[in-house]
Amino acid sequence: MEVKGTAALYPGTFDPVTYGHLDIAERCVRIFDRFIMAVAVNPTKEPLFDVDERLEMLRAVTGDMAGVEVDRFEGLTVEYARKRGAQVIVRGLRALSDFEEEFKMAAANRKLADEINTVLMLPSEKYFYLNSSLVKEIARLGGPVECFVPPVVEERLREKLASRAY
Ligand code: COA
């Protein structure tokens, strides 16, 4: 079902973006007219990549996806969604363990902004177990990450970890 004239916001830390995030994005661009992937400047996390690096990687890997916009935001997700005219917040749901956190977040966001709805999207089952920490840990231990992240991200991970190795 195509939702006409609808903009969706996909907020996240994206440290770094993985094939799991891109799988969600590919599904969403087929549904929504505008799809905004926004890097949260999240003071509660200590990311490996700074915001500009995360944005650069996101732009590189979504460059050929029509309808995708990449941005950053600080503060409340719903405020940013309002500012960008997004009626929908998209979040990935990989496993039952994601549900409780996503449910809480969706409920809180609804309390803050009743006109904005959360859509929980299942990625391909190939990516049900994937998260950015796992990718960083495998890369740190010298393992192969090409099945989890696009080549440009793999390259940036290698550079970043090499620069931190001493
Ligand atoms: N594929 C791969 N990994 C995925 C994934 C997918 N499809 N979906 C989620 N993940 C992983 C992420 O890689 C991340 O892994 P990590 O913890 O190892 O880094 C993890 O799931 C968490 O996902 P992420 O999208 O980064 O969410 P978050 O919980 O860090 O951030 C925000 C969520 C930014 C949306 C939330 O904190 C927020 O809204 N902040 C703004 C402030 C606000 O409005 N607060 C009130 C909200 S109620």
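Modeller: At 22% relative accessibility, Asp71 is partly exposed, a class lying between buried (under 20% relative accessible area) and exposed (over 50%), for protein chains only and a 1.4 Å probe. The model is predicted, so local features need pLDDT of at least 70 and side-chain atom pairs count only at pLDDT 80 or more, while totals for chains, interfaces and linings use all residues. Residues are numbered from 1 along each chain as its sequence is written, and side-chain values use heavy atoms, leaving out hydrogens and water.

Asp71 forms a salt bridge with Arg84 (a side-chain nitrogen of Lys or Arg within 4 Å of a carboxyl oxygen of Asp or Glu), and the closest N and O atoms are 3.0 Å apart. This pair links distant parts of the chain, 13 residues apart: Asp71 belongs to strand E3 (residues 68-73) and Arg84 to helix H3 (residues 77-84). Helices (H or I, at least four residues) and strands (E, at least two) are DSSP runs numbered from the N terminus. Asp71 and Arg84 also belong to a network of salt bridges with Arg34 and Glu69.

Arg72, partly exposed at 33%, forms a salt bridge with Glu74, with 3.9 Å between the closest N and O atoms. Glu74 itself is exposed, at 57%.

In total, the structure holds 17 salt bridges. One of them joins Glu56 to Arg156, the closest N and O atoms being 2.8 Å apart. Glu56 lies in helix H2 (residues 51-62) and Arg156 in helix H6 (residues 151-163), so this pair ties together parts 100 residues apart in sequence. Glu56 is partly exposed, at 45%.
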